[in-house]
Amino acid sequence: MIGQLFLCIFLFQTIEAKHGVPMQPLPIQLPQTKWLTLTGGQPEVVADGGYSGFFPDSSQSAFDFALDTSILGTILYCNLHFTKDNDAFCVPQINLQNSTNIDELFPKAAKTYNVNGRNINGYFGLDYNAQIIFENVTLKQNIFTRQGVFDGAPIVGPFQLLEDKNGKPTRLWLNIENDLFYKQHKISAESYLLDQLKDLPEFISSPEIGFLTALRPKLGVSKTKLVFTLLGENEVEPTTNQTYASLAKNLAMVKSFASGIVVPKEYIWPVNKARVLQPATTLVQDAHKEGLAVYASGFANDNTLSYNYSFDPAREYLQFVANSQFSVDGVLSEFPSTASEAIGCLPQNQNASRAIKTLIISHNGASGDYPGSTDIAYQKAIEDGADIIDCSVQMSSDGIAFCSDRADLMKTTTAATLFMDRSANVADIQSADGIFSFNLAWSEIQSLRPQIESFFEGDLIRNPANKNSGNFVTLSEFLEIAKTKAVTGVLIHIQNAAYLASKGLDIVGSVSEALTNATLDKQSTQKVLIQSDDSSVLLKFKDNPTYERVLYLQESISGAPSQVAQDVKKYADAVFIHRDAIVVASDNFAFNFTATVPALHAANISVYVGVLKNEFENLIFDYLSDPYVEIATFYSQSVDGFVTDYPATANLFARSTCTSDGAAYSVQPMEPGFLYEPEKVAEPPLLSIADVVDPPLPAVAQNTTSQSADDSASTTQTPASAPAPKSSSTSVTSTSSCILFAAMVALLNIYA
């Protein structure tokens, strides 16, 4: 019994989250004539530990890659720590244990030190001389969710960062994190900076007021900018014994020893526990009034983002640099190329023409933000700039055509709470049990709520506040939305036509009738795309020249022989392919590009690629946890359409200057093997005739499913006119334990 309950738990939806408020679309306010920084100049990009989101923090590779991939003038940020002989090196924090291999070299040498009132156990540079640190200790990726193939990089010091690999001077920022601690152990950060460095860096920062006030009069005519780093609001600054939150309210005092401040980004745009953006504070404006520059820290593409940003890391930067109230003067980022694209090519006139004409096709509307295929998801997709909105057509048992990603409603609706006793196994549709639309009457489907579908766990679960937002729409209502909003076009995806015909449900006829009733069958103002994985379905629409037919390729391919491509052309004008039909990956790194796009283009067949998702776990490492790099890569491969859960991201890219000559910054497509050459992997097969040509559709049987929903769910159905099944039988399954647990979940939803 317990085992069955755990199985049910796995199958059921999670109970609706009750915290937070529904997310509102967050408009990006773009600057008109100049930036709203302290000087009116472009915000700075500061590479925090170099490109530490990809390479080990503070490694030479991280610093070099930051300069290679980021906007001109990017600043290198080194968090400085010291050896027992007063030499200095760059590491992300004072404790070396997680960011280096030192515990492997000295497994029993960990010590405990009191650092500003906190006892820290680990390994510290002041216990080792410079020779050991620079010659024996190596760096490793200190964020364990990131790849570690570049671990083992040597430790570097400030002297190695004064010039880039071409011998040109760099812009350097040194942060003195723990001056008071080192003073207690007779190590002087000040003497290192003033006596050992040939040239002082452009920026020196510290979270300790005592260090900055002592250093300031000794800088002389140096143009070095002193910057005060504010830590967490409740942490205590060791010189004044005041919290950093209180010091943030005394900016006039800060101005007496510093020219700027570094603050965690939450000081500026707070985010509540439901991950909803709160109104901005006035910190930036207050600092600017005192003549202080403001640098925001804590940016990383794989951080937990506010739901307002739709998992798009560039939108977070835009919120800090391109809103109508203020702009920070710089951002400290572990992924400086993303900061560069936000500052260098994404902010532009909102009414600019599209630089990129590639179609933006929604996938169940804006299904990354709202439950897919709902009225609100379609509205959001239109607002976000989708050219084509899509409806995957499903059928109720009483013949109502409506939009939903697939026939199984288990994951996209609350069906599991009400109709678990109607769970069935339909081998012609899928191998797993499901609650299928064609076994429910439309009135029963309307009794459900839509449910947002998340494809990743933890912090990447899609917004719980929107979990059950929106309403189901019939196909006719969907077409009315498209006509009323005057979108460029619609894509109608037809699934399971042969099986539905065997149940007396004519999905092809329903689609044709709906298009005719909407007067979309005899016009060319709006595009109509008919998509199916069944060539016989596409043939049904061949006689209407205004329709574009799209063959949905279920499996990955690496190309198409010329004759096969010509056969595709008999049925379709375009194909939908999955991303791995263009980019072959090995161990989550790009291995190579396939010949799929050029092979299909040679036959004059358009190529639409999907499904694009912003969540960083959806991206191979070569994309640097940045959805714009993936889009730029597919654009470089000349695809004709992006199919995406997040149309806003594709639209922002399409209206940017990120691919234009002469832009301040351009987003470069990735090149397989450039960052890392993974192990060789076999390519997918070539497209074959068997992948393209399907048997003729069977005649539509007499509709016997208008009986009660209970009858249709409790009888094993093997229609005589159904196509040959892919497995031995179609069965209906139900267990008393699952029914009991379904009732429990439903009650919890009601009374939660």
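Three cavities of 30 Å³ or more turn up in a search of the whole structure, which is a predicted model. The second largest cavity has a volume of about 40 Å³.

**Second largest cavity**

- The lining of the second largest cavity consists of Leu612, Lys613, Asn614, Pro627, Glu630, Ile631, Thr644, Tyr646, Thr649 and Ala650.
- Two elements, helix 22 (627–636) and helix 23 (647–654), each give two or more residues to this lining.
- Helix 22 supplies the largest share of the lining, with three residues.
- Sorted by class, five lining residues are nonpolar, three are polar and two are charged.

**Disulfide Cys78–Cys90**

- Cys78 and Cys90 are joined by a disulfide with an S to S distance of 2.1 Å.
- The S-S torsion of Cys78 and Cys90 is about -100°, so this disulfide is left-handed.
- Cys78 sits in strand 2 (residues 75–82) and Cys90 in strand 3 (residues 88–90), with the two cysteines twelve residues apart.
- Cys78 has a relative accessible area of 0% and is therefore buried, the cut-off for buried being under 20%.
- Cys90 is likewise buried, with a relative accessible area of 0%.

**Disulfide Cys345–Cys658**

- A disulfide connects Cys345 and Cys658, with S to S at 2.0 Å.
- The link of Cys345 and Cys658 is right-handed, with 85° about the S-S bond.
- Cys345 belongs to the loop between helix 12 (336–344) and strand 14 (359–362), and Cys658 to the loop between helix 23 and helix 24 (689–692), so the pair ties together parts of the chain that are 313 residues apart in sequence.
- Cys345 counts as buried because its relative accessibility is 1%.
- Cys658 also counts as buried, at 1% relative accessibility.

**Disulfide Cys391–Cys403**

- The sulfur atoms of Cys391 and Cys403 are 2.0 Å apart and form a disulfide.
- A torsion of about -105° about the S-S bond of Cys391 and Cys403 makes this disulfide left-handed.
- Cys391 lies in strand 15 (residues 388–395) and Cys403 in strand 16 (residues 401–403), twelve residues apart.
- Cys391 and Cys403 are both buried.

Technical notes:
Residues numbered from 1 in each chain as written. Predicted model: local features only at pLDDT ≥ 70, side-chain atom pairs only at ≥ 80, totals over all residues. Heavy atoms only, no water. 1 Å grid on protein atoms, 1.4 Å probe; cavity = no way out; pocket = protein on both sides within 12 Å on 5 of 7 lines; lining within 4 Å. Points joined across faces, edges and corners; volume = space filled by probe spheres on them. Helix = DSSP H or I, 4+ residues; strand = E, 2+ residues; numbered from the N terminus. Nonpolar A, V, L, I, M, F, W, Y, C, P; charged D, E, K, R; others polar. Disulfide = S-S within 2.5 Å. Buried < 20%, exposed > 50% of the residue type's maximum accessible area, 1.4 Å probe, protein only.
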